[in-house]
Amino acid sequence: MISTVIDQSLGLEFPIFQGGMAWVADASLAAGVSNAGGLGLIAAMNSNGEQLREEIRKCKELTDKPFGVNIMLMSPFAQEVADVVVEEGVKVVTTGAGNPGKYMPKWLEAGIKVIPVIPSVALARKMEKNGAFAVIAEGGESGGHVGDLTTMALVPQVVDAVSIPVIAAGGIADGRQIAAAFMLGAVGVQVGTRFLVAKECTIAQAYKDKIIKAKDIDTVVTGKRLGHPVRSIRNAFTREYTKAEYNSSEFSDEDLEKMGIGTLRLAAREGDVSNGTVLAGQVAAMVKKEQTAREMIVEMFTQAEEVLNGATKWVK
Ligand code: TUI
């Protein structure tokens, strides 16, 4: 059994979080992961306050286990969803794509455990000062909005810099990678890409098929010019977008912004995986079949345990 401060303090069976994936992580997936013993998270990214409230209530019906909400700070609804998590008594909030500092006093006062996703040591330190319960150190192998550092480089530096628990994210889809994250000093992991093909995940089948068919080099980062780099599976959309990105005389920043609007929904909900953005991490190629969230988690932690038990094999 693998047990750390993360599962113990949050009432989980395993120290694993599901990534708060925009247009993907609804009540069905969050409850699926929570019922499987991890921490499921509803992504507030694509919801206004009332839509999030409805999703939280649905999740409460589907599970009596702890679950959380991920708040994407670039969302135009960040303020209203920040209030709804308090009103609905959500126990854990993770944040992404920005500094949640201005919302933290209210969340902390409500007794919420705040666990920001951070891409750097400086932000990890700031979050610790602001009262974060833990941080999720996310390397650029991850899908979606990415930082510059890799998980391998980032996690031990964050572990050295803060005294709150560190959860590793980015590039984790099997037990070897969980074991490696623990070796780097993490006491929990967050997994996104693998849960895209969970049976409880409600995205379009074409999106799941794209993940299952992906090869190691099939992801690409776009959006650097606008300051929000995003990793997704290479397709007709990323090729067209990249061309526009490198042609600043013909395509303004506003043109680029416009090109991206609605593309996450198009892929995840409509299943248009050619013209939509198929967010996925570099581990997409390791994701080979659909399983229940429970099967995935048990398989990953059984393997992690074997790897960690054998870790002294080379030490003489
Ligand atoms: O947030 C994510 N992953 C995401 S968000 C998303 S939705 C989106 N859609 C279109 C364009 C951009 C995003 C899809 N995937 N991961 C967590 C994460 N947070 N990665 C990096 C960061 C981050 C970056 C800068 C966190 C804080 C930060 O702070 C800058 C500051 O304000 O100091």
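## Ligand shell and strand pairing in a predicted model

Let's start with a strand pair: strand 3 (residues 67-72) and strand 4 run parallel and are joined by 5 bridges. Helices and strands here are DSSP runs numbered from the N terminus (helices are H or I with at least four residues, strands are E with at least two), and two strands pair if DSSP finds at least two bridges between them. This is a predicted model, where local features need pLDDT of at least 70 and side-chain atom pairs count only at pLDDT 80 or more, while totals for chains, interfaces and linings use all residues. Residues are numbered from 1 along each chain as its sequence is written, and side-chain values use heavy atoms, with hydrogens and water left out.

- Met72 has Gly96 as its bridge partner in strand 4.
- Strand 4 (residues 92-96) is mostly covered, with 5 of its 5 residues buried; buried means under 20% relative accessible area, exposed means over 50%, and partly exposed is in between (1.4 Å probe, protein chains only).
- Val92, Thr94 and Gly96 point one way from strand 4, Val93 and Thr95 point the other way, and all are buried.
- Ala97 sits in the loop between strand 4 and helix 5, and is partly exposed at a relative accessible area of 24%.
- Ala97 also has a positive phi of about 60°, although it is not a glycine.
- Tyr103 is in the loop between strand 4 and helix 5 (104-109) too, but Tyr103 is buried, at 10% relative accessible area.

**Around the ligand**

- The ligand is surrounded by 17 residues, and the closest are Ala97, Val117, Leu123, Glu138 and His145; a residue is near a molecule if one of its heavy atoms lies within 4 Å of it.
- The shell residues split into 10 nonpolar, 6 polar and 1 charged. For that tally, Ala, Val, Leu, Ile, Met, Phe, Trp, Tyr, Cys and Pro count as nonpolar, Asp, Glu, Lys and Arg as charged, and the others, Gly among them, as polar.
- Domain 1 (5-196 + 292-305) and domain 2 (205-282) both give residues to the shell, so the ligand lies between them; the bounds come from an automatic or database domain assignment.

- A polar backbone atom of Ala97 is 2.9 Å from a nitrogen atom of the ligand. A polar contact is a pair of N or O atoms within 3.5 Å; within protein, one must be able to donate a hydrogen and the other to accept it, and residues adjacent in sequence count only if both atoms are side-chain atoms.
- Glu138 places a polar side-chain atom 3.1 Å from a ligand nitrogen.
- For His145, a backbone N or O atom lies 2.9 Å from a nitrogen atom of the ligand.
- On its own the ligand exposes 710 Å², and the protein buries 74% of that (Shrake-Rupley method, 1.4 Å probe).
- Within the protein, a polar side-chain atom of Thr151 lies 3.4 Å from the backbone nitrogen of Gly139.
- Thr151 is found in helix 7 (residues 151-161) and is buried, at 7% relative accessible area.

- An open sheet is formed by 3 strands in the order 7-11-10, with antiparallel pairing.
- Strand 7 (144-145) and strand 10 (219-222) are at the edges with a single partner strand each, so one side of each has no neighbour in the sheet.
- Strand 7 pairs with strand 11 (residues 230-233) over 2 bridges in the antiparallel sense, and Gly144 has Arg231 as its bridge partner in strand 11.
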